[in-house]
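Me: I am new to this structure. Could you walk me through how to read its features?

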Amino acid sequence: MGRFWHSFADMAAVESGGELVVDRGEGVHVWDEQGRRYLDATASLWYCNVGYGREEIADAVAEQVRRLAAYSTFGDIANRPAIELAERVSALAPVPESKVFLTSGGSDSIDTATKMARRYWQLVGHPDRTLLITRERAYHGMHIAGTSLAGIEANAVGYGTLVGDVAKVAWDSPSELREAISFAGPDRVAAFFCEPVLGAGGVFAPPDGYLAEVRAICRETGVLFVADEVITGFGRVGDWFASSRWDLEPDLITCAKGITSGYLPMGAVIAAPWVAEPFWQPGAGLWRHGYTYAGHATVAAAGLANLDIMERESLPEHALDLEGALAQALSPLADHPAVEEVRAGTGVLAAVQLDASAIAEDPRLPGRAVSACRSNGILTRALATGGLQVSPALVLDAPGLEELRSGIAAALDAL
Ligand SMILES: Cc1ncc(COP(=O)(O)O)c(C=O)c1O
């Protein structure tokens with residue numbers, strides 16, 4: 001019996017089926033302990049944007065660990081890498097002069113954004129604005145706040161009473177958002193949480209005009225617009241942020257993953273200056289919120305080295321070029337009898353959706369498809385809808401793209 005308790009796992013199945021122990025990585029590939037090579041179709045969990053094995057991040061980390069691995073950033077204490085990273089992220093952010101609150105990951109960022117939004121309304125004299133609106137299919141991480149905001153129903157059941165004052169709307173309907181706000185009364189609503197492209201919920205790009213419309217509704221009603229860019233931030237949708245690409249000017253952005261490409265764990269909440277202002281003004285006092293590893297010096301150093309690479313190699317632009325090529329490569333898979341559709345064409349993000357009736361007949365189909373992919377040299381996983389996740393590192397080149405396409409095609413044929 002093993003001792004390592006895996007995340008999001010049926011441990012009895014892991015015990016009987018065995019573990020895949022990933023050992024090393026280089027570029028878009030990883031190797032397991034048996035030396036088998038896989039094209040990593042998912043960049044681990046959507047995060048390894050710059051690809052594996054970057055010496056320059058390793059060097060930056062080693063140097064910082066030797067100098068000062070970490071020190072608390074509570075109160076008036078800071079460290080240079082954290083300050084620099086906040087400056088860099090603020091300069092890249094879609095809203096000028098944004099403030100950057102560093103966390104240890106996406107779920108931390110969601111928790112922080114939830115509290116920041118409600119606290120903001122307290123500070124500006126609207127303490128009744130506590131309602132949080134979320135969308136069906138949404139994944140906002142697994143802390144209690146994110147679990148409470150879960151649009152993937154199965155992720156939220158079985159934990160008793162969660163964070164209260166949450167309403168859910170359809171993922172694709174601005175008018176439902178408008179109705180939810182007017183039903184509650186705008187003076188009750190704190191924030192609307194919105195993944196610009198829904199990720200774990202199945203890779204659903206926003207319908208045409210959706211983002212502009214929901215942004216406008218939030219602006220009209222004073223509701224804070226929170227863009228959850230944990231997946232879409234830092235290049236994955238062909239710009240530094242989805243919010244830049246679609247001109248959303250969010251009040252808050254939650255991010256993680258690509259900020260360090262996962263070399264070390266970090267997240268952030270980027271607050272527009274007008275949201276930060278009441279917290280920063282004289283007399284606002286202490287905000288009792290923060291995490292032990294917020295602004296961790298070594299993690300921040302990894303983040304800075306990661307952003308150097310992304311800038312030098314123009315990875316957001318490369319991602320924009322890749323989005324069409326990826327969609328073109330994967331679209332023919334939609335003709336396969338096991339496939340219902342291929343969702344692709346917005347960023348380096350896609351899902352090869354397995355046929356719903358085939359899944360209903362054989363609920364183990366997605367798992368079998370993932371195994372078949374592994375046997376054909378492709379590492380992927382099944383999303384909530386039974387789609388195969390495709391979100392490789394942004395450095396994927398033409399041969400890598402062909403390896404990805406042919407591996408998935410061979411796996412589907414082997415089903
Ligand atoms: C959109 C979104 N928000 C939040 C999270 C939570 O991030 P983490 O797993 O780093 O806590 C994720 C994770 O995949 C995500 O995709």
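Predicted model: local features only at pLDDT ≥ 70, side-chain atom pairs only at ≥ 80, totals over all residues.

Me: Which residues of α7 are buried?

Reply: Start with the general idea. An α-helix has 3.6 residues a turn, so residues three or four places apart point the same way. Now the case here. Helix α7 spans residues 174–184, and its buried residues are P174, L177, A180 and I181. They sit on the same side of α7 because they cover an arc of only 120° around the axis.

Me: Which residues are exposed on the other side of α7?

Reply: Look for E179, S182 and F183 there. Then step just past the end of α7: G185 has a positive phi of about 95°.

Me: Let me try another helix. Which residues of α10 are buried?

Reply: Helix α10 covers residues 273–280, and V275, A276, P278 and F279 are buried in it. Look down the axis of α10: the buried residues fall within an arc of 155°, so they line one face of the helix.

Me: Now sheets. In what order do the four strands of the open sheet come?

Reply: General idea again. Strands of a sheet pair through backbone hydrogen bonds, either parallel or antiparallel. Here the order is β1-β2-β3-β13, and the pairing is mixed. The edge strands are β1 (22–26) and β13, each of which pairs on one side only.

Me: How many bridges join each pair of neighbours?

Reply: Go across the sheet. β1 and β2 run antiparallel and are joined by four bridges. β2 (residues 29–32) and β3 (residues 37–40) are also antiparallel, with three bridges. β3 and β13 (residues 378–379) pair in the parallel sense, over two bridges.

Me: Which residues stand opposite each other?

Reply: Take W31 in β2. W31 is the bridge partner of R24, and W31 also stands opposite R37 in β3. The hairpin of β2 and β3 has four residues between the strands, and one of its residues, G35, takes a positive phi near 85°.

Me: What about cysteines? How many disulfides does a search of the whole structure find?

Reply: A disulfide is a covalent bond between the sulfur atoms of two cysteines. The search finds zero. C218 is in no disulfide, and its nearest cysteine sulfur, that of C194, is 8.2 Å away. C255 is in no disulfide either; the nearest cysteine sulfur there, again that of C194, is 15 Å away.

Me: Are C218 and C255 buried or exposed?

Reply: Buried means under 20% relative accessible area. C218 counts as buried because its relative accessibility is 1%. C255 counts as buried because its value is 0%.

Me: Last stop, the ligand. Which residues are around the ligand?

Reply: Among them are G105, G106, S107, Y139, H140, E195, D228 and K257. Now read the atom pairs. A backbone N or O atom of G106 is 2.9 Å from a ligand oxygen atom. D228 places a polar side-chain atom 2.7 Å from a ligand nitrogen atom. K257 has a polar side-chain atom 2.9 Å from an oxygen atom of the ligand.

Notes:
Residues numbered from 1 in each chain as written. Heavy atoms only, no water. Pairing = 2+ DSSP bridges. Disulfide = S-S within 2.5 Å. Buried < 20%, exposed > 50% of the residue type's maximum accessible area, 1.4 Å probe, protein only. Arc of directions from axis to C-beta. Near = heavy atom within 4 Å. Polar contact = N/O pair within 3.5 Å; in protein donor to acceptor, adjacent residues only side chain to side chain.
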